[in-house]
Amino acid sequence: MSVTPSSYSITMRLHTAPDHGVVGQVATAIAGAGGVVTAIDVAESGRDRLVVDVTCSAADAEHAARLQVAVDEVAGVEVHKVSDRTFLLHIGGKIEVSSKVPLKNRDDLSMAYTPGVGRVSMALFENPEDVPRLTIKGNSVAVVTDGSAVLGLGNLGPGAALPVMEGKAALFKRFADIDAWPICLASQDTDEIVRAVEMIAPGFGGINLEDIAAPRCFEIERRLRASLDIPVFHDDQHGTAIVVLAALTNALRVVDKAMREIRVVVSGGGAAGTAIVTLLLAAGATDIVVVDRAGAIARGDEALSATHRQLAEVTNPRGVRGDLHQALRGADVFIGVSAPGVLAPEWIQDMAERAVVFALANPDPEVDPVEAEKYAAVVASGRSDYPNQINNVLAFPGVFRGLLDARANDVTIQMLLGAAEAIAHVVGDDELNPSFIIPTVFHPEVPKAVAAAVRASAEAHRVTES
């Protein structure tokens with residue numbers, strides 16, 4: 001059983017007999033049940049009993065319950081209380097507002113608030129172009145969702161989406177020093193969402209759309225980009241596409257293949273799949289086949305939705321028909337943004353030599369990465385417990401840092417290509433190998449490189465316009 005060290009981490013408070021040797025028995029019981037002990041602390045030691053806190057990791061909630069049972073069965077041990085560390089971390093939320101200026105006396109208050117702030121308001125009324133410089137607008141992003149496609153969990157609504165948006169805001173701050181705010185809307189009506197974002201836009205320097213289901217997300221982004229003078233970026237689409245292109249660029253370096261010559265199969269024609277196709281085509285790919293539940297998407301299929309008809313017009317030049325297995329025959333690259341287990345490991349043998357497999361469904365990928373490695377030259381997934389994690393955190397903080405610094409009012413395909421190239425180049429030739437095609441999200445140069453690329457693209461575009 002695969003153990004994820006942190007996301008299913010529990011702390012058990014144990015009451016035990018006053019024998020320190022029991023701690024070893026508890027650790028053995030946890031290991032025997034497939035868990036991993038990460039910390040043991042004796043909270044109290046007395047004549048009659050020990051109070052011991054044992055922290056361990058499990059594969060999932062069911063496995064965590066089995067670990068509790070295993071410990072409870074150790075002679076002389078009582079499981080008094082179990083705490084889920086992930087839930088403890090979320091108590092009270094993960095972000096807060098703090099003042100950047102001192103508010104210690106009347107003098108401070110008179111400048112930060114009335115009457116001094118009135119002078120600033122009048123100055124901005126007369127010179128509205130100064131709003132980003134004299135307010136938080138120049139460093140703020142709205143993280144907007146309707147809760148209709150929360151992670152891989154489905155339509156959970158705005159309340160259940162809030163912890164995800166809080167996490168996104170925390171990542172903006174950690175990796176790009178951007179102040180982001182969760183905006184969870186109680187509507188899944190396209191017109192209402194567009195109008196709501198338009199009304200709050202004056203307070204923000206950018207809009208990050210998040211976890212909004214396809215095809216609604218396409219229209220929302222298109223309309224907001226047309227109506228607003230600040231950049232609008234749907235991370236589920238473009239953030240994913242940027243990191244996939246960066247990883248694929250380096251994977252092709254490993255297997256010594258050229259983008260213009262490869263055959264690519266994309267499993268999933270939703271928001272992420274569509275954006276990946278668009279960016280790969282812009283990067284020079286010429287042979288991409290998209291496969292959904294009904295099979296390969298091809299021109300001439302009257303049953304296709306409007307979105308899939310548009311995909312069919314720019315993909316599948318060979319007119320491939322059939323299911324995923326048939327589409328994969330002879331393909332160089334598989335990119336999955338669909339559902340768990342749709343790719344049988346042995347099908348990879350039917351792909352071209354030195355195949356590349358990106359299984360990105362989360363938390364359970366299209367194929368077990370360990371099984372895929374038996375047949376593919378390079379394997380990547382969306383999980384942090386395997387090599388080559390395709391993670392949007394590599395893209396969106398730096399993208400918005402560059403957009404805000406450049407005072408950009410739009411997001412262009414050139415910016416996305418530049419961001420992907422910047423991420424790819426963080427991995428040096430001496431580091432590149434099949435298990436390291438993409439940098440870690442904690443690499444300090446990633447957001448700087450992405451921001452610089454986006455800023456340069458924005459400035460070059462303005463120069464061209466002028």
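Asp177 sits in the loop that runs between H7 and S6. In this predicted model, Asp177 has a phi near 55 degrees, which is a positive value in a residue other than glycine. The points below start with backbone features of this kind and then move on to the sheet, the core and a pocket.

**Backbone features to look up**

- Asp177 has a relative accessibility of 47%, so it counts as partly exposed.
- Most residues other than glycine have a negative phi, and most peptide bonds are trans.
- Asn316 also has a positive phi, near 55 degrees, and is not a glycine.
- You can find Asn316 in the loop between helix H12 (306-314) and helix H13 (324-328).
- Asn316 counts as buried because its relative accessibility is 3%.
- The peptide bond from Thr114 to Pro115 is cis, with omega near 5 degrees, and Pro115 belongs to the loop between H4 and H5.
- Another cis peptide bond links Ala214 to Pro215, with omega at about 0 degrees.
- Pro215 is placed in the loop between strand S7 (206-209) and helix H9 (216-227).

- In what order do the 4 strands of the open sheet stand? The order is S2-S3-S1-S4, with antiparallel pairing.
- Strand S2 (36-45) and strand S4 (77-84) are at the edges with a single partner strand each, so one side of each has no neighbour in the sheet.
- From one strand to the next, the twist averages 20 degrees.
- S2 pairs with strand S3 (residues 50-57) in the antiparallel sense over 8 bridges.
- Helix H1 (residues 21-32) lies across strand S1 (9-16), S2, S3 and S4, and runs at about 155 degrees to S2.
- Helix H2 (residues 61-72) also packs on the sheet, where it touches S1, S3 and S4. The direction of H2 makes about 160 degrees with that of S4.

**The largest nonpolar core**

- In soluble globular proteins, nonpolar side chains tend to be buried together.
- The largest nonpolar core here has 76 residues, and those with the most contacts inside it include Ile242, Leu248, Leu280 and Phe358.
- Helix H10 (residues 235-255) gives the largest share of this core, 11 residues.
- Ile242 touches, among others, Phe233, Leu279, Val399, Leu416 and Ile423, not counting residues up to four places away in sequence.
- Is Leu280 buried or exposed? Leu280 counts as buried because its relative accessibility is 1%.
- Leu280 is part of helix H11 (residues 271-282).
- Neighbours within four places in sequence aside, the contacts of Leu280 are Leu245, Leu248, Val264, Ala285, Ile288 and Ile335.
- Leu280 and Leu248 are 32 residues apart along the chain, and their C-alpha atoms are separated by 9.4 Å.

**The second largest pocket**

- The second largest pocket has a volume of about 1000 Å³.
- Which residues lie nearest the centre of this pocket? They are Ser98, Ser99, Lys100, Ile136 and Asp179, out of 31 lining residues.
- Elements that give two or more residues to the lining are helix H4 (106-112), helix H5 (116-126), helix H6 (131-134), helix H7 (157-176) and strand S6 (179-184).

How values were computed: Residues numbered from 1 in each chain as written. Predicted model: local features only at pLDDT ≥ 70, side-chain atom pairs only at ≥ 80, totals over all residues. Heavy atoms only, no water. Pairing = 2+ DSSP bridges. Axes fitted to C-alpha atoms, helices over the stretch in contact; angles between N-to-C directions. Contact = heavy atoms within 4.5 Å. Core = buried A, V, L, I, M, F, W, Y, C linked by side-chain atoms within 4.5 Å. Buried < 20%, exposed > 50% of the residue type's maximum accessible area, 1.4 Å probe, protein only. 1 Å grid on protein atoms, 1.4 Å probe; cavity = no way out; pocket = protein on both sides within 12 Å on 5 of 7 lines; lining within 4 Å. Points joined across faces, edges and corners; volume = space filled by probe spheres on them.
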